[in-house]
Each structure stands twice: as C-alpha cells, then as structure tokens.
Amino acid sequence: MTVPAYAAPAAKAPLEPTTIPRRALGEHDVLIDIAYAGICHSDIHQARGEWGGGIFPMVPGHEIAGVVAEVGPGVTRHAVGDRVGVGCMVDSCRTCGPCRAGQEQYCERGNVPTYNGRDADGNPTYGGYSTRIVVDENFVVSIPEGIALDAAAPLLCAGITLYSPLAHWQAGPGKRVAVVGMGGLGHMGVKLAHAMGAEVTVLSQTRRKEEDARRLGADHFHATSEPGTLERLAGSFDLILNTVSADLDMGAYLNTLALDGTMVQVGAPERPATVPLFALLGRRRSLAGTMIGGIAETQQMLDFCAEHSLGAEIETIPAEKINEAYERVVAGDVRYRFVIDASTFA
C-alpha cells in the first residue's frame, strides 16, 4: 500500500509532503492508523545528516501513537481497535543474549530502527510522519486508556529513555536524583522520578523554567550559570541523569555525586567528552550510559504512567508546521514536546 507522509528528500532539505510504500500485512504484522507522532531532537539530527549514514528520502518519527486498523492471521497480542504505540525500533535478531533478556535495544546484531534503517529484506524503514505503519506485533505496545494518545506519543522515546535508567538505578524513596536539562527528555525525567518517590533536583542553565520544574514535581532547582552553584552541591546526589547534548564540565558535575553515586549520560554530545578520572576515584563514583528500553520495559513504563496519570507536556501542530517546529526545537522554544496531528499528513 502507499500512504501519505512527510519526508526529508536529502540531508538538510526541508521536509515536504510525499507518499511512501508500506509492506503488505504479514502473519504477525499489525497495521496501525497513526493518530500522533512526536518530534524528537534525534529526528532533526538525522534528517539534517548530522549523525551521518542517513538514508534518503527519510521519513522520521519514532514516537508513534495510534489505533490498530488490521492484524495478520497469527497476531495474538493486539486486536482491531486497540490503542497502541511504536517506539524507536521495529525489529531485532531476537536470538542474542540481550534480545532473549528483553533488552532488544542492545541487540548484538543491531536492532532495526523505526526509521533510517533497513529491515530484514534490506528495505529502508520509514517512521511515524505518515498516516499508517505496519509493524511486527512483538514491537507494538499497548497504550492504556488512562493516557491520551497525543500525550502518550512522546513516551515512546522521551518517556522510556528516562524511565529505563531510573528503574535500573532504583530511583525511589530516599534517593536523591538530579536531572540535568529541562527539555523534552528532562521534563519526563522530573515527572517520572517524582512519581517513583525520589527527591528530585533540576539543574538547568538559567531559572527560566524553574516554575515549570516545580509544577512537574521537582523539589529543588538550581541555575548552573550562577557562580558557585555546582561547588555548593558537592556530594549531593545519588543519581544524575544528564539529558543535554552540550559539552559539560564533567568534573564539576561528577563532584556533585555522593559516595557510590552514578551519573548516567542520556544526551549524545557531538564531540567526545573529557572525563577527569580523579572525580570518579575519590568517592567510588560511576559514569554510565543508557539507550531507550526494551519492549517489555516500555510497556511497564506506559502502565506506570497510566497509574500515575503521567503524560508528556505537548504542543500539537499540523504537518505543514514541521519545519518551523524543527527550528523552534533547536532554539529551545518548546515546552516540552511537539506532537504532529497525523490526520494532517493527508
């Protein structure tokens, strides 16, 4: 089938209306009528060729929420009419150790990304900036009734990207968690950590978003541009989630960790970071990285969000404003995630 979509015809070219092919429904496939697609900053990086290796024309979008329109004859997990989501991957080898452990995002052969990748047959994958998508049932998650579809879409990347490290490093009562950056990722980190019962601090460059941070669940807020801020916070945190892509003074941030504290890198800086090792050695601190979450954990995250009435803070736009939205994301002018109304792709 052929469906309407928006695509970047080449690196750095504006996105424009087009049509794309979707494969015929297979034995275990689910056809989804897309309702909303979130705009992730990684969409911009890839559509503009900033990470290299782009496959063009490119249809971005890995924060997809919609309704099942049709299922293959072997599908057992989903039914027509179900509210469902698709995140950053649509397949993996399913046989390696990480895949068997439910950590498909770390597939040893490489997972198949929702867009800008190639499927098992070598065909390019196209993402959620379109009206419909066909995905194997094992990579489709259920969106509980307690979350609106538009607010749920960004949870498929921003939500799971923060939920996974919070769960892995056991954020909860008695844990002091700092979130660096108050953007599309960071605002979900604040909401999730607060709902888990942790003491939450936001570290942001200025105080511009302090009111929002406290409204979303932050107990404390510090502007890192104010002289002496990080020095005064030495030894304060058990866990730091760094959501920004900008270069940081790693030593200064690592020194805010307590004994056995961990700083988890979520944002992806363009340049290699310099890590002063004595900042790690002094208090047995750790520096770690994380990437989205497995399918089972993504479902767990969605269920948790429904239980706690959590969704992303969004601004809904029509398809014709995608290029404008890209510029606003780069400028930091969104609170806190753009979501495209997929009915406007047609």
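**Pocket, sheet and helix**

Reply: The lining of the second largest pocket comprises nine nonpolar, three polar and seven charged residues; Ala, Val, Leu, Ile, Met, Phe, Trp, Tyr, Cys and Pro count as nonpolar, Asp, Glu, Lys and Arg as charged, and the others, Gly among them, as polar. The model is predicted: local features need pLDDT of at least 70, side-chain atom pairs count only at pLDDT 80 or more, and totals for chains, interfaces and linings use all residues. Residues are numbered from 1 along each chain as its sequence is written, and side-chain values use heavy atoms, with hydrogens and water left out.

Me: How much space lies in the second largest pocket, and which residues are the closest to its centre?

Reply: A pocket is an open set of points on a 1 Å grid over the protein atoms alone, where a 1.4 Å probe fits, with protein on both sides within 12 Å along at least five of seven lines; lining residues have an atom within 4 Å of a point. The volume, which is the space filled by probe spheres set on the points joined across faces, edges and corners, is about 470 Å³ here. Of the 19 lining residues, Arg23, Asp119, Pro124, Thr125 and Val134 are the closest to the centre. Strand 8 gives the most to this lining, with four residues.

Me: In what order do the six strands of the open sheet lie?

Reply: Strands are DSSP runs (E, at least two residues) and helices likewise (H or I, at least four), numbered from the N terminus; two strands pair if DSSP finds at least two bridges between them. The order is 12-11-10-13-14-15, with parallel pairing. Strand 12 (220-223) and strand 15 (286-289) are the edges, each pairing on one side only. Strand 13 (residues 237-242) and strand 14 (residues 257-265) share five bridges, and Leu239 stands opposite Thr262 in strand 14.

Me: Is helix 4 mostly covered or mostly exposed?

Reply: Buried means under 20% relative accessible area (1.4 Å probe, protein chains only). Nine of the 11 residues of helix 4 are buried, among them Ile160, Leu162 and Tyr163. Its cover includes strand 10, helix 5 (186-196) and helix 10 (295-307).

Me: Why is Ala171 classed as buried?

Reply: Ala171 is so classed because its relative accessible area is 13%. This residue is found in the loop between helix 4 and strand 10. Not counting residues up to four places away in sequence, Ala171 touches Leu166, Val177 and Met196, where contact means heavy atoms within 4.5 Å.

Methods: Buried means under 20% relative accessible area, exposed over 50%, partly exposed in between (1.4 Å probe, protein chains only).
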